[in-house]
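Here are my notes on this model, point by point. Have it open beside you as you read.

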Amino acid sequence: MTMTMSNNNTGGEGESCCISVLIPHVNCGSCVVVKENTSVFVQHWGETTAVIKKPGLYCINVVGRKVTHMNLKNHVRETPYPGVKCLDVNSNPILVGGAMYYRVEGVEAAVLSVSNRIKFMMSQFEVVLKQVCSRYPYEADERNPHSLKSESFAIGEEMKRLMQEKVNFCGVRITSCVLTDLSYAPEIAQPMLMRQQAEAMVKARQLIVTGAVLMTEDAINTLEAKGVKFTDPEKALIIRNLLSMICGKET
């Protein structure tokens, strides 16, 4: 059992000591247990008197005392389902979900700086999610080669940096941030799916046409290499027939 003392006996703790000496029975229940990976923040009459991080049993003057237990383990917080609605760089509405991993390192700042640390951090995390996602497209295109779907690591690092800047004052260290969910908002999900299908069809047709041209060219060159002579009208007819036959097939 350890008796905790402040650096001096003035202020709140001095008053508590005087009262506990005059009225000894108030010391009943003064013992406080500090567990592994936890910390105890002690105040007497509103004044900070101790921050205890070492596990053990401590006897702390109970008069005017307020004890706050702080969990020092790693924590994770996720955005609620279905995620945060925001706009990507192309102004498409999307739903994004994220997870934030952190731990408390500055106990006094964590207790005194904000009234509801979790609520504050989650509100800031949503702001950061929207801010970062607005810089990337949902999918890569010619103008934006880096997208939300392909740059998960870089996006996570950017969110971690921005979040750390926002929570430095309240004694929290952000260990990592990640995107957990990503989808188009319901109102544009069907049109975007149709667009993706159309783009895939166009790319498939382009591939077929390119292949047909190469096959036709190779056929004519091979026949001419074997001594078959064609006039220009005959070449045009062969090319037209081959291209019609290859490109006319259903993909």
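1. Which domains give residues to the lining of the largest pocket, and where does it lie? Domain 2 (74–184) and domain 3 (193–248) both do, so the pocket lies between them. The domain bounds come from an automatic or database domain assignment.

2. A word on ground rules. This is a predicted model, where local features need pLDDT of at least 70 and side-chain atom pairs count only at pLDDT 80 or more, while totals for chains, interfaces and linings use all residues. Residues are numbered from 1 along each chain as its sequence is written, and side-chain values use heavy atoms, with hydrogens and water left out.

3. Back to the largest pocket, which holds about 220 Å³ of space. A pocket here is an open set of points on a 1 Å grid over the protein atoms alone, where a 1.4 Å probe fits, with protein on both sides within 12 Å along at least five of seven lines. Lining residues have an atom within 4 Å of a point. Grid points are joined across faces, edges and corners, and the volume is the space filled by probe spheres set on the points.

4. Now the lining itself. Asp 88, Asn 90, Asn 92, Pro 137, Tyr 138, Glu 139, Ala 140, Asp 141, Tyr 184, Arg 195, Glu 199 and Lys 203 line the largest pocket. Sorted by class, that gives six charged residues (Asp, Glu, Lys and Arg count as such), four nonpolar (Ala, Val, Leu, Ile, Met, Phe, Trp, Tyr, Cys and Pro) and two polar (the others, Gly among them). Helix α5 (residues 186–225) supplies the largest share of the lining, three residues. Helices (H or I, at least four residues) and strands (E, at least two) are DSSP runs, numbered from the N terminus.

5. There are two aromatic pairs in the structure. In one of them, the ring centres of Phe 120 and Phe 169 are 5.5 Å apart and the planes stand at 80°, so this pair is edge-to-face. The rule asks for ring centres of Phe, Tyr or Trp (its six-membered ring) within 6.5 Å, and calls planes under 30 degrees apart stacked, over 60 edge-to-face and the rest tilted. Phe 120 sits in helix α3 (residues 117–133) and Phe 169 in the loop between α4 (152–167) and β10 (172–184), so the pair ties together parts that are 49 residues apart in sequence. Phe 169 is partly exposed, at 44% relative accessible area; buried means under 20%, exposed over 50% and partly exposed in between (1.4 Å probe, protein chains only).

6. How many disulfides are there? The count comes to zero, with a disulfide taken as a pair of cysteine sulfur atoms within 2.5 Å. For Cys 59, the closest cysteine sulfur is in Cys 31, 5.0 Å away and too far for a bond. Cys 59 is buried, with a relative accessible area of 13%, whereas Cys 247 is partly exposed at 25%.

7. Cys 177 lies in strand β10 and is buried, with a relative accessible area of 5%. Its C-alpha is separated by 8.5 Å from that of Ile 155, 22 residues apart along the chain.

8. Some backbone points to check. Most residues other than glycine have a negative phi, and most peptide bonds are trans. Tyr 81 and Pro 82 are joined by a cis peptide bond, with omega about 5°, and Pro 82 falls in the loop between β7 (75–78) and β8 (84–87). Trp 45, not a glycine, has a positive phi of about 55°; Trp 45 lies in the loop between β3 (38–44) and β4 (47–52) and is partly exposed at 47%. Ser 91 also has a positive phi, near 65°, in the loop between β8 and β9 (93–104), and counts as exposed at 51% relative accessibility.

9. Lastly, two loop residues. Lys 73, in the loop between β6 (65–71) and β7, has its C-alpha 9.7 Å from that of Glu 105, 32 residues apart along the chain.
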